[in-house]
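Trainee: I have a model open and some questions about its side chains. Can we go through them one by one?
Mentor: Go ahead.

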Amino acid sequence: MVALDGLPMRAEAVNTAKQVYRLREQEKVRVLYKGEGQPVMSGKKPLPGDWLRVMTNDGTQGWCFSYN
């Protein structure tokens, strides 16, 4: 379940990749698998979390960072 309203789903497991969808708070997604990706940074420190390949109820797929 999504914790942050407006969480972007990205085309690749990189925080600057093209956004393919914007998730709503409490929206349910299916986690397909955990993947390797570029760390998401907060200042000079990487945020804790993993890149997850997810799918929405309508079949849209993309990458989300698990911190949110």
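Trainee: Which residues does Arg10 touch, not counting residues up to four places away in sequence?
Mentor: First, the ground rules. This is a predicted model, where local features need pLDDT of at least 70, side-chain atom pairs count only at pLDDT 80 or more, and totals for chains, interfaces and linings use all residues. Residues are numbered from 1 along each chain as its sequence is written, and side-chain values use heavy atoms, with hydrogens and water left out. Contact means heavy atoms within 4.5 Å, and by that rule Arg10 touches Asn15, Ala17, Lys18, Gln19, Val20, Gly62 and Trp63.

Trainee: Arg10 is buried yet has no salt bridge; which side chain of opposite charge is nearest?
Mentor: Buried means under 20% relative accessible area, exposed over 50%, partly exposed in between (1.4 Å probe, protein chains only). A salt bridge needs a side-chain nitrogen of Lys or Arg within 4 Å of a carboxyl oxygen of Asp or Glu. Lys and Arg count as positive, Asp and Glu as negative; His and the chain ends are not counted. The nearest side chain of opposite charge to Arg10 is 10 Å away: Glu12.

Trainee: Which backbone oxygens does the side chain of Arg10 reach?
Mentor: The backbone oxygen of Asn15 is reached at 3.0 Å. Another backbone oxygen lies 2.8 Å from a polar atom of the Arg10 side chain, that of Ala17. The two names are Asn15 and Ala17.

Trainee: What is the angle between the planes of Tyr33 and Trp63?
Mentor: Rings of Phe, Tyr and Trp (its six-membered ring) pair if their centres lie within 6.5 Å; planes under 30 degrees apart are stacked, over 60 edge-to-face, the rest tilted. The count comes to 2 aromatic pairs. Tyr33 and Trp63 form an edge-to-face pair, 5.6 Å centre to centre, with the planes at 80°.

Trainee: How many residues make up the largest nonpolar core?
Mentor: A nonpolar core is a set of buried Ala, Val, Leu, Ile, Met, Phe, Trp, Tyr and Cys residues joined through side-chain atoms within 4.5 Å. Val2, Leu7, Met9, Tyr21, Leu23, Val54 and Cys64 make up the largest one. Its size is 7 residues.

Methods. A polar contact is a pair of N or O atoms within 3.5 Å; within protein, one must be able to donate a hydrogen and the other to accept it, and residues adjacent in sequence count only if both atoms are side-chain atoms.
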